[in-house]
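Biologist: I would like to go through this structure with you step by step, taking a few questions in turn. Could you show it first?

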Amino acid sequence: MGEVDDPRSPLLESTSSNGALEAPLKRTGTQWTAVAHIITGVIGAGVLSLAWSTAQLGWVLGPVCILCFAGITVISTFLLCDCYKYPDPEYGTIRNRSYMEAVKLYLGEKQQWICGVFAHESLYGCGIAYTITAAASVRAILKSNCYHREGHDAPCVYGDSVYMLLFGLVQIAMSQIPDFHNMGWLSVTAAVMSLSYSLIGLGLGLAKVIENGTIKGTITGVSASSIFDKLLLAFEALGDIAFAYPYSIIVFEIQDTLKSPSPENQTMKKASLYAVIITTIFYLCCGCFGYAAFGDSTPGNLLTGFGFYEPYWLVDLANACIVLHLVGGYQIFSQPVFATVERWFVYKFPDSGFVNRYYSCKLPMLPAFQLNLCRVVFRMAYVASTTALAMLFPYFNSVLGVLGALNFWPLGIYFPVEMYFKQKKVRAWSREWIFYRSFSCFCLLITIVGFIGSVGELVIDELS
């Protein structure tokens with residue numbers, strides 16, 4: 001049995017934008033559905049760039065950085081898990097259903113506004129990155145079949161724009177899913193797809209290493225024409241790894257689906273640990289085997305850069321799995337934006353029929369559902385804008401690096417640490433305070449260098 005909220009309790013009042021009573025919410029999520037949600041949100045476009053990132057950093061720094069980011073992600077997520085309920089992490093009477101609500105509760109409205117800029121930019125940016133990646137995978141399927149028919153030297157050239165538009169159309173339909181509580185099936189499907197293409201990429205990389213009969217690559221990574229260029233590429237690689245890991249922005253939405261007992265924070269911590277271990281194993285294997293297979297020629301996107309030509313059907317299958325996963329991943333990162341904006345509309349226009357009226361609809365072979373015109377219009381405009389920007393800046397590694405570096409510290413480190421301090425009432429200059437302050441400063445440095453490198457490469461890509 002799932003847990004049902006009493007609509008009169010402060011649990012829902014704390015999250016309702018207009019103070020109105022909401023319908024009781026039945027929570028049926030488990031540790032394993034949470035693992036599926038996390039894997040769906042984490043293993044996405046980022047995994048495909050890890051071989052390239054490892055190549056830029058070399059055989060020592062590449063794997064070490066992946067492991068460091070895994071540890072950082074676990075620490076920051078554990079801090080957030082204890083901030084879901086207030087004032088006590090297990091028995092608190094107020095739930096924070098979103099990252100923004102938690103920041104407002106613990107740190108105040110001013111910090112909430114600052115957080116909102118980064119949070120929504122992060123989620124919106126993921127939509128852009130996923131659109132770029134999905135289009136690249138569709139194009140890779142067509143190129144793979146073309147190379148199989150015409151030979152590896154054939155001029156198989158396909159554009160991106162049409163496939164970005166097609167992905168956008170699919171997302172317009174998928175975006176009508178009301179919220180996270182209706183997405184369990186989508187997350188499980190997307191998680192299976194993510195594991196599938198990660199395993200295929202791992203297998204192809206291993207097969208390539210065996211075929212080569214040697215492990216390519218060097219301790220220092222890919223050489224560059226100057227120290228400045230090498231630093232830019234290394235910094236961009238840090239940004240790409242930073243993009244691949246953190247999922248702090250969706251922790252509260254996932255935790256809010258969990259039933260109790262056991263306490264939600266304990267269940268979420270276990271789910272997060274299992275999910276990060278699974279993703280780290282895949283990340284290390286994909287990054288290291290990809291670099292071992294191609295060395296200095298490692299492509300920016302492991303499965304679309306055409307290091308692999310055969311078996312063509314397996315390359316096609318991997319890219320099909322990527323597309324299916326990104327359909328779900330796009331929704332995982334878009335639903336929090338939809339929820340925030342639509343709650344604001346309800347608060348701002350309480351008497352508007354366009355905003356508040358629902359219509360019952362029934363389509364052939366589908367269950368009946370509730371249609372809201374404001375939801376349809378806003379979500380269509382949102383998807384259209386991410387698609388347009390993806391078409392303007394279709395630079396896979398640079399876009400991922402900018403997004404990863406820009407959001408890594410504020411969303412993944414600063415706000416979780418500050419909220420944890422408030423939750424636990426950590427004293428200034430205590431051992432715990434010094435540890436987490438040092439941890440935050442170290443991660444800020446990573447964000448700065450990653451952002452510099454990624455923006456530099458994005459400018460170079462655009463100018464060229």
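This is a predicted model: local features need pLDDT of at least 70, side-chain atom pairs count only at pLDDT 80 or more; totals for chains, interfaces and linings use all residues.

Biologist: Which kind of pair do the rings of Phe338 and Phe378 form?

Modeller: A pair of aromatic rings is described by the distance of the centres and the angle of the planes. For Phe338 and Phe378 the centres are 6.1 Å apart and the planes stand at 85°. Planes over 60 degrees apart count as edge-to-face, so the pair of Phe338 and Phe378 is edge-to-face.

Biologist: How many residues apart in sequence are the parts that the pair of Phe338 and Phe378 ties together?

Modeller: Phe338 lies in helix α11, which covers residues 312-348, whereas Phe378 lies in helix α13, which covers residues 373-392. Both of these residues, Phe338 and Phe378, are buried, and they belong to one aromatic cluster that also includes Tyr124 and Trp344.

Biologist: Is helix α4 roughly parallel or roughly antiparallel to helix α5?

Modeller: Helix α4 (residues 99-107) and helix α5 (residues 109-150) pack with their axes 8 Å apart, at an angle of about 155°. Angles over 145 degrees count as roughly antiparallel, so α4 is, relative to α5, roughly antiparallel.

Biologist: How many residues of the contact of α4 with α5 are nonpolar?

Modeller: On the side of α4 the contact is made by Tyr99, Met100, Val103, Lys104 and Leu107, while the residues from α5 include Glu109, Cys115 and Ala119. Among the residues of this contact, 2 are charged and 4 are polar, and the number of nonpolar ones is 6.

Biologist: Is Lys269 buried or exposed?

Modeller: Lys269 lies in helix α10, which covers residues 264-294, and, not counting residues up to four places away in sequence, Lys269 touches Phe78, Cys81 and Asp82. Its relative accessible area is 15%. Since buried means under 20%, Lys269 is buried.

Biologist: What distance separates the C-alpha atoms of Ala55 and Thr298?

Modeller: Ala55 has its place in helix α3 (residues 50-81), and Ala55 is buried, with a relative accessible area of 0%. Among the residues that Ala55 touches are Tyr291, Gly295 and Thr298. Although Ala55 and Thr298 are 243 residues apart along the chain, their C-alpha atoms are separated by 6.8 Å.

Methods:
Residues are numbered from 1 along each chain as its sequence is written. Side-chain values use heavy atoms; hydrogens and water are left out. Rings of Phe, Tyr and Trp (its six-membered ring) pair if their centres lie within 6.5 Å; planes under 30 degrees apart count as stacked, over 60 as edge-to-face and the rest as tilted. Helices (H or I, at least four residues) and strands (E, at least two) are DSSP runs, numbered from the N terminus. Buried means under 20% relative accessible area, exposed over 50%, partly exposed in between (1.4 Å probe, protein chains only). Axes are lines fitted to C-alpha atoms, for helices over the stretch in contact, and angles run from 0 to 180 degrees between N-to-C directions. Angles under 35 degrees count as roughly parallel, over 145 as roughly antiparallel, 65 to 115 as roughly perpendicular and the rest as oblique. Contact means heavy atoms within 4.5 Å. Ala, Val, Leu, Ile, Met, Phe, Trp, Tyr, Cys and Pro count as nonpolar, Asp, Glu, Lys and Arg as charged, and the others, Gly among them, as polar.
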